[in-house]
Amino acid sequence: MQNELVIVLDFGGQYNQLIARRVRECGVYCEVRSYKTPLDEIRKLSPKGIIFTGGPNSVYDENSPHIGKDIFDMGIPILGICYGAQLMAYTLGGKVETCKVSEYGKTETSYDKTSVIFGKVNELPETAVSWMSHTDYVAQVPEGFRITAHTKDCPAAAFENADRKLYAVQFHPEVNHTQHGIAMLDSFVKNVCGCIGDWNMKDYAKTAVEQIRARVGGGKVLLALSGGVDSSVACALLSKAVGDQLTCVFVDHGFMRKNEGDEVEAAFKDRNVNFIRVDASERFISRLEGVSEPEAKRKIIGEEFIRVFEEESKKIGAVDFLVQGTIYPDVIESGTGDAAVIKSHHNVGGLPDHVDFKEIIEPLRLLFKDEVRKLGSELGLPDYLVWRQPFPGPGLAIRIIGAITREKLEILRDADLIFREEIAAAGLERSINQYFAVLTDMRSVGVMGDGRTYDYTLALRGVTTTDFMTADFARIPYDVLEKASIRIVNEVGNINRVCYDITSKPPATIEWE
Ligand code: XMP
């Protein structure tokens, strides 16, 4: 029997997959499709509901994505978010205008609880915070619609035509900063679309294994294993699907954390997979010495990675498929057609034009970090692998700000180890989702013993997040930071100042480069 399905129609927003994953969190299978998908195709999928995403455009821009009126007459419930809300209003005869005051960020919002979307969320008060990000607004709702939420500067923060099952919100319910936003989405899919919630991660694992088997056939598969959560879960999935047709190659690029290469080898040596460790550190470091531009570092590492794999695969002979553990935030932040590029994650943006494999498989491409972890547990991976904190593909290369040198690499490695040890000693490993040290390119004056020092400033970073798309800086107790700071300055040479990064994402990103 087919699972219930909700479709997200993508109008170029940053959060399109985040919406899909929120719907999956409600136990309803959800996929993202282009806004250009023909209506016939949508009809064939028989979705229980459709969600229009936000997008960077104004409905009045010449090249902005539009949609015909017919979709609103299909009898399928629709929820428009941000640009999607404006588009619904505009297409059905309402008025969209430029805001007198743009709204960005947390915004006090008043809800009309007679709306089914808000009314069925018991814990939602009549006034709560929503996350706004818009410069246009709906000045007049279309005929037959009523306004169901407003803010100080936005008279139509939500509106609906319940008879036609058409709903719209100017704010972003999918973002954590919107209080009870996920419950609102749950209310839309359950109370408006009539879903019961018949989907879970076990189904996803089963379907993914079947799809991989069908695609790979009898082919040989090579997997880029970094030992991080993503590639470890990809490994478990692939080994379940194709068994010993799979070979895992772990490239030690020399920018791993202290002792990490040996730890990865130890973790996988005894598992039932073909495992090869390639020590390519000299090759990577010599290409990166002196390079300071962040995107250049990523591109070089991405390129060199693929070359090493090509060489390894030639040794194995006739490899058909390369597997990468790319997850959704890597894809979105590297830019997908209509969304803006934030940074090119090495396993996406850095691919050279010529890749010597028949095909690349990215089985986790649609999942977020916490979904990947759930999948890993579903596949029987041990907790210590599933709960490892994420580590970026380019490793410490993008945590050395400015030109890379061997000396800086050693300094950072030692400092990062101390920070990790202190976080572990304080029992904070699970509550802080990612924590690490960054070696800044700044030197400052200090005093040690009786002498003047002129050394590097080290930054410590810790974040709490569920999806890594948005993140808060972690409130690490001062005494833990103090201990780490004292040890770092005393035990690691060339650092005389330690700072803690107190920016969230956005506006910063988690990594510094
Ligand atoms: P940012 O810095 O973009 O990071 O907020 C979001 C998450 O992605 C990780 N990250 C990467 N992972 N290759 C990866 O596999 C990369 O090039 C890369 N850059 C960032 C980052 O550590 C964080 O968990």
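## A residue, its surroundings and the helices

Mentor: Setting aside residues up to four places away in sequence, Asp252 touches Gly261, Arg277, Val278, Asp279, Ala280 and Ser281; contact here means heavy atoms within 4.5 Å. The model is a predicted one, in which local features need pLDDT of at least 70 and side-chain atom pairs count only at pLDDT 80 or more, while totals for chains, interfaces and linings use all residues. Residues are numbered from 1 along each chain as its sequence is written, and side-chain values use heavy atoms, with hydrogens and water left out.

Asp252 belongs to strand β11, residues 246–252. Strands (E, at least two residues) and helices (H or I, at least four) are DSSP runs numbered from the N terminus. With a relative accessible area of 12%, Asp252 is buried; the term means under 20%, whereas exposed means over 50% and partly exposed lies in between, for a 1.4 Å probe and protein chains only. Ser226 is 26 residues from Asp252 along the chain, and the C-alpha atoms of the two are separated by 8.2 Å.

Glu422 lies in helix α14 and counts as buried, at 11% relative accessibility. Neighbours within four places in sequence apart, Glu422 is in contact with Val480, Lys483, Ala484 and Arg487.

After α12 comes Gly380, which has a positive phi, near 85 degrees.

Consider α7 (residues 229–242) and α12 (residues 369–378): their axes come within 9 Å and cross at roughly 40 degrees. Axes are lines fitted to C-alpha atoms, for helices over the stretch in contact, and the angles run from 0 to 180 degrees between N-to-C directions. The helices α7 and α12 are therefore oblique to each other, given that under 35 degrees counts as roughly parallel, over 145 as roughly antiparallel, 65 to 115 as roughly perpendicular and the rest as oblique. On the α7 side the contact is made by Val229, Asp230, Val233 and Leu237, and on the α12 side by Lys369, Val372, Arg373, Leu375 and Gly376. By class, the residues of this contact are five nonpolar, one polar and three charged. Nonpolar covers Ala, Val, Leu, Ile, Met, Phe, Trp, Tyr, Cys and Pro, charged covers Asp, Glu, Lys and Arg, and the others, Gly among them, are polar.

The packing of α6 against α12 has an angle of about 75 degrees, with the axes 9 Å apart. That makes α6 roughly perpendicular to α12. In this contact Met201, Lys202, Tyr204 and Ala205 of α6 meet Glu371, Lys374, Leu375 and Glu378 of α12. The classes here are four nonpolar, no polar and four charged residues.

Charged pairs complete the picture. Side chains of opposite charge can pair when their charged atoms come close. The whole structure holds 41 salt bridges, each being a side-chain nitrogen of Lys or Arg within 4 Å of a carboxyl oxygen of Asp or Glu.

One of them joins Glu295 to Arg298, with the closest N and O atoms 3.9 Å apart. Both residues lie in helix α10 (residues 294–316), three residues apart, about one turn of the helix. Glu295 is partly exposed, at 27% relative accessible area, whereas Arg298 is buried, at 3%.

Lys315 also pairs with Glu312, the closest N and O atoms being 2.9 Å apart. These two residues are again three residues apart in helix α10, or about one helical turn. Lys315 counts as exposed, at 64% relative accessibility, and Glu312 as buried, at 8%.

A further salt bridge, 2.8 Å from N to O, is formed by the side chains of Glu511 and Arg399. This pair links distant parts of the chain, 112 residues apart: Glu511 is in the segment after β18 (495–500), and Arg399 is in the loop between α13 (383–386) and α14 (406–425). Both Glu511 and Arg399 are buried.
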